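Hi,

Here is the structure I promised to pass on.

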Amino acid sequence: MQQQVSNRSKKTIQVGIILLIIGLCAILISLNTGTIRIAPLQVIQTFLGQGSPDDKLVLFEYRLPRILITMLAGIGLGVSGAILQGLSRNPLADPGILGLHAGAAFGLIAFVSFFHSMKDASALLIPLFTLTGGVLSAFLIVLLAYDRQRGLLPIRLILIGIAVAAGFSAITLFLSLRLDETTYAFTARWLVGNVWGRDWIHVFALLPWILIFVPYSFLQTQALNAFSLGDEVATGIGTAVRKQRLLLLVTAVALSSASVAMAGGIGFIGLVAPHLARRLVGPMHQHFLPIAGLIGLVILVVADTIGRSLFQPNAIPAGVIVAAIGAPYFLYLLTRSK
């Protein structure tokens, strides 16, 4: 048993290194591509302080912040999906399916509908409103799925999440029809997963959420492993089931809502990344949780790069590229699930 765990750990390190190399290559390609192409040698020279003023402007003020946002959001969505699948014991759980993205979208619509006069502070207020919407959605789901005798029931969590998502989506659609053309265009781009945050202030607004909640989730991998055994067994081995489930749910909501606040309403990463990670390194959360974050990073960076480079002059939102990959995989999982 100990030898098997050691082999899993070695494989996790190997897969992590490979994913880091793939992610680095994707980042270098992303820095090179776009409306204005910059040769790889010029990219390196610019980072060393020897580039032209135009190259510095394009790289440091436009591309690098956007790439960092896709990296951070990809990690957040991948880890959030892995947590939710562990909590619900359902391999089809995902922040979008559970209604967290719908709540975040409602928060965005509420901001642009009723607080449009505060657009100058949108870089900080939009994450706050989307987080509030995600928390509100999670609160309703927990309230309706909670059973006084048996606690939070995973199957009810999924079903009620779908219902809450439908309700928030209806309200979001109603409010969006009342927006002016400019605001509606921004909202529509956000809803389909367009990475709108391109300034350093957006990076700094997202960074604390990832730095706080991702390491915390890594520290709770033993609790997630216990949840996979069932609530009764988890309680028997000393896990505070209700407290840990609530704290981990808050962690997943925070990561998901903060990520979609800056990257837009991107779905399927929280579904696909944990599945791929589990296939690569096994079911133990201490192994596949970090890998799920790295896979989310790679998927979102690659999707944003493809959307910006292959369809010029019209950029395709990263969310559309992710959906084109994630939707067939989701159907595949549905056909495989019992």
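This is a predicted model: local features need pLDDT of at least 70, side-chain atom pairs count only at pLDDT 80 or more; totals for chains, interfaces and linings use all residues.

The axes of α3 and helix α13 (residues 285-309) come within 7 Å and cross at roughly 140°, which makes the two helices oblique. On the α3 side the contact includes R63, R66, T70 and M71, and on the α13 side it includes H285, F288, L289 and A292. By class, this contact has twelve nonpolar, seven polar and four charged residues.

Helix α3 (residues 53-88) also packs against helix α12 (residues 269-281), at an angle of about 75° and with the axes 7 Å apart. Angles of 65 to 115 degrees count as roughly perpendicular, so α3 and α12 are roughly perpendicular to each other. From α3, the residues in contact are G74, L77, G78, G81, A82 and Q85, while α12 brings I269, G270, L271, A273, P274, H275 and R278. Six of the residues in the contact of α3 with α12 are nonpolar, six polar and one charged.

One residue to look at as well is T221, in helix α9 (residues 221-227). T221 counts as buried because its relative accessibility is 7%, with the cut-off at under 20%. A polar atom of the T221 side chain lies 3.4 Å from the backbone oxygen of F218. Leaving aside neighbours within four places in sequence, T221 is in contact with H285, Q286 and L289.

Best wishes

Terms used
Residues are numbered from 1 along each chain as its sequence is written. Side-chain values use heavy atoms; hydrogens and water are left out. Helices (H or I, at least four residues) and strands (E, at least two) are DSSP runs, numbered from the N terminus. Buried means under 20% relative accessible area, exposed over 50%, partly exposed in between (1.4 Å probe, protein chains only). A polar contact is a pair of N or O atoms within 3.5 Å; within protein, one must be able to donate a hydrogen and the other to accept it, and residues adjacent in sequence count only if both atoms are side-chain atoms. Contact means heavy atoms within 4.5 Å. Axes are lines fitted to C-alpha atoms, for helices over the stretch in contact, and angles run from 0 to 180 degrees between N-to-C directions. Angles under 35 degrees count as roughly parallel, over 145 as roughly antiparallel, 65 to 115 as roughly perpendicular and the rest as oblique. Ala, Val, Leu, Ile, Met, Phe, Trp, Tyr, Cys and Pro count as nonpolar, Asp, Glu, Lys and Arg as charged, and the others, Gly among them, as polar.
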